[in-house]
Amino acid sequence: MKTFSGDVSFEVNWRPFFLNPATPDEGIPVLEYLGRKYGPQAAASAQSGKGPLSQMAEKMGLKFNYDRMIVNTLKSHCLLDYAKSVGKQNEMAEILFNDYFRHAKRIDQSAVLKEAAEACHIDWSAADTHMNNAEIVSRVKREAGTASASGINGVPHFNIFLKSNQARSQQFSGAQPAATILSVFQKVLSFAKSRV
């Protein structure tokens with residue numbers, strides 16, 4: 001996005017999606033989950049740091065903590081929804097990603113979410129009220145369900161479009177190299193310039 005900052009402005013919105021909607025309250029150790037879903041080789045590859053996602057992350061200076069648990073992320077999504085309402089959604093997403101992927105924190109637990117809100121300089125009392133509002137919870141679940149129903153089945157999922165023409169969106173899923181994302185931005189901008 002920095003590459004194009006002189007030409008366009010970007011608006012990033014984090015939308016809810018439940019990768020594992022049936023996750024039990026106690027969570028599932030991530031390596032156990034990977035072994036069940038993709039086979040023992042995938043779990044071993046992840047743990048060794050030789051898996052493609054681990055290697056891509058490491059190139060960006062990230063090291064995944066495989067002591068983490070797969071957890072139900074409904075509360076996290078409700079907190080992100082509140083953060084959006086106060087203009088801090090990107091900052092909150094960054095904090096939650098670090099808490100989860102680097103520090104193996106349980107981002108389904110109120111104490112962890114309170115720490116995240118405080119780190120983001122968000123009023124915890126207001127955020128907690130928002131997160132426990134039945135209408136908010138229902139809307140977040142509905143939005144996540146809509147994403148699944150539309151064919152999205154993995155994260156991250158990108159939907160890149162011009163505000164003036166959302167019908168011409170470019171969508172793709174999965175961790176992608178910066179060059180791939182750059183190429184999509186160029187394609188969207190080329191379309192915009194051809195219409196001027």
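Which residues in α4 meet Q89, M92, A93 and L96 in α5? In this predicted model, local features need pLDDT of at least 70 and side-chain atom pairs count only at pLDDT 80 or more, while totals for chains, interfaces and linings use all residues. Residues are numbered from 1 along each chain as its sequence is written, and side-chain values use heavy atoms, with hydrogens and water left out.

The residues of α4 that meet those of α5 are S76, L79, L80, A83 and K84, where contact means heavy atoms within 4.5 Å. Helices here are DSSP runs of H or I with at least four residues, numbered from the N terminus. The axes of helix α4 (residues 74-85) and helix α5 (residues 89-102) come within 7 Å and cross at roughly 150°. That crossing makes α4 roughly antiparallel to α5, a term for angles over 145 degrees. Axes are lines fitted to C-alpha atoms over the stretch in contact, and angles run from 0 to 180 degrees between N-to-C directions. By class, six nonpolar, two polar and one charged residues make up the contact of α4 with α5. In this scheme Ala, Val, Leu, Ile, Met, Phe, Trp, Tyr, Cys and Pro count as nonpolar, Asp, Glu, Lys and Arg as charged, and the others, Gly among them, as polar.

A further helix pair is found at α1 (residues 30-38) and α2 (residues 40-48), with axes that come within 6 Å and cross at roughly 145°. Here L31, L34, G35 and Y38 in α1 meet P40, A42, A43, A46 and Q47 in α2. The residues of this contact divide into seven nonpolar, two polar and no charged.

Turning to charges, side chains of opposite charge can pair when their charged atoms come close. The structure holds six salt bridges, each a side-chain nitrogen of Lys or Arg within 4 Å of a carboxyl oxygen of Asp or Glu. K105 takes part in a salt bridge with D99, with the closest N and O atoms 3.8 Å apart. K105 is partly exposed, at a relative accessible area of 28%, whereas D99 is buried, at 9%. For these terms, buried means under 20% relative accessible area, exposed over 50% and partly exposed in between (1.4 Å probe, protein chains only). K105 also forms a salt bridge with E115, where the closest N and O atoms are 3.3 Å apart. This pair links E115 in helix α6 (residues 110-119) to K105 in the loop between α5 and α6, 10 residues apart.

Note on methods. Helix = DSSP H or I, 4+ residues; strand = E, 2+ residues; numbered from the N terminus. Parallel < 35°, antiparallel > 145°, perpendicular 65-115°, else oblique.
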